[in-house]
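Please consult the sequence and the coordinates alongside the text.

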Amino acid sequence: MMVPSTEQAWSDLHAGIRSFVRRRVRDHADVDDIVQRVESHPDYIKLKSARTRFGWWLSLLGMLAYYGFILLVAFDKPLLAQKLGSGVTTVGMPLGVAVIVFTIIITWIYVRRANSEFDALTESVTRSVLK
């Protein structure tokens, strides 16, 4: 399997943006100009950077929670098997639920930021480019 080069990845991304714009404008002669204005707009560059960095951080947190739990399952079963109180619930059960709840929370955090900061940047780019 061949791994694409960085240049190929950027070329594919540019083609995707170009295709997206082409479907939405009447005059196809304007497509390259609009794509160039979008890609060089400071808010678009800021949006791309912020969204990517934030997504990676949240992904890292989610992976740490998930793989941390899996590592506990693999290497410390006695800890997870300890009963909480006199019932049948073990330490592992609330930890497993906590991983799921944590995933829901970080998804909510991403959506909240996307609906405020990222949408505002997108709107700014759209308004500027389509003037």
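Does I100 count as buried or exposed? The model is predicted, and in it I100 counts as exposed because its relative accessibility is 53%, over the 50% cut-off.

**I100 and its helix**

- I100 is part of helix α5, which spans residues 92–129.
- From I100 to V125 there are 25 residues along the sequence, and the two C-alpha atoms lie 35 Å apart in space.
- V125 is also one of the residues that lie nearest the centre of the largest pocket.

**Helix α3 and its packing against α5**

- Helix α3 covers residues 42–75 and has 34 residues.
- The distance from the first C-alpha of α3 to its last is 48 Å, close to the 50 Å expected at 1.5 Å a residue.
- Seven positions of α3 can be named as buried: Y44, L47, A50, F54, L58, G62 and F69.
- The axes of α3 and α5 are 10 Å apart, and the two helices pack at an angle of about 180 degrees.
- The pair is therefore roughly antiparallel, as angles over 145 degrees are classed in this way.
- The contact of α3 with α5 comprises 19 nonpolar, five polar and five charged residues.
- L61 belongs to α3 and counts as partly exposed because its relative accessibility is 38%, which falls between the 20% and 50% limits.
- L61 and T103 are separated by 42 residues in sequence, yet their C-alpha atoms are 8.9 Å apart.

**The largest pocket**

- The volume of the largest pocket is about 460 Å³.
- Its lining consists of 16 residues, and F20, V21, V38, V125 and T126 are those nearest the centre.
- Four helices, namely α1 (6–22), α2 (31–40), α3 (42–75) and α5 (92–129), each contribute at least two residues to this lining.
- Sorted by class, the lining holds eleven nonpolar, two polar and three charged residues.

**V31 in helix α2**

- V31 is located in helix α2.
- V31 counts as buried because its relative accessibility is 0%, and the limit for that class is under 20%.
- V31 and V21 are ten residues apart in sequence, with a C-alpha to C-alpha distance of 6.3 Å.
- V21 is itself among the residues nearest the centre of the largest pocket.

- G85 sits in the loop between α4 (77–81) and α5.
- With a relative accessible area of 64%, G85 is exposed.
- G85 and A114 are 29 residues apart along the chain, and 42 Å separates their C-alpha atoms.

Technical notes: Residues are numbered from 1 along each chain as its sequence is written. This is a predicted model: local features need pLDDT of at least 70, side-chain atom pairs count only at pLDDT 80 or more; totals for chains, interfaces and linings use all residues. Side-chain values use heavy atoms; hydrogens and water are left out. On a 1 Å grid over the protein atoms alone, a cavity is a set of points where a 1.4 Å probe fits but cannot get out, and a pocket is an open set with protein on both sides within 12 Å along at least five of seven lines; lining residues have an atom within 4 Å of a point. Grid points are joined across faces, edges and corners, and a volume is the space filled by probe spheres set on the points. Ala, Val, Leu, Ile, Met, Phe, Trp, Tyr, Cys and Pro count as nonpolar, Asp, Glu, Lys and Arg as charged, and the others, Gly among them, as polar. The expected span of a helix is 1.5 Å times one less than its number of residues. Buried means under 20% relative accessible area, exposed over 50%, partly exposed in between (1.4 Å probe, protein chains only). Axes are lines fitted to C-alpha atoms, for helices over the stretch in contact, and angles run from 0 to 180 degrees between N-to-C directions. Angles under 35 degrees count as roughly parallel, over 145 as roughly antiparallel, 65 to 115 as roughly perpendicular and the rest as oblique.
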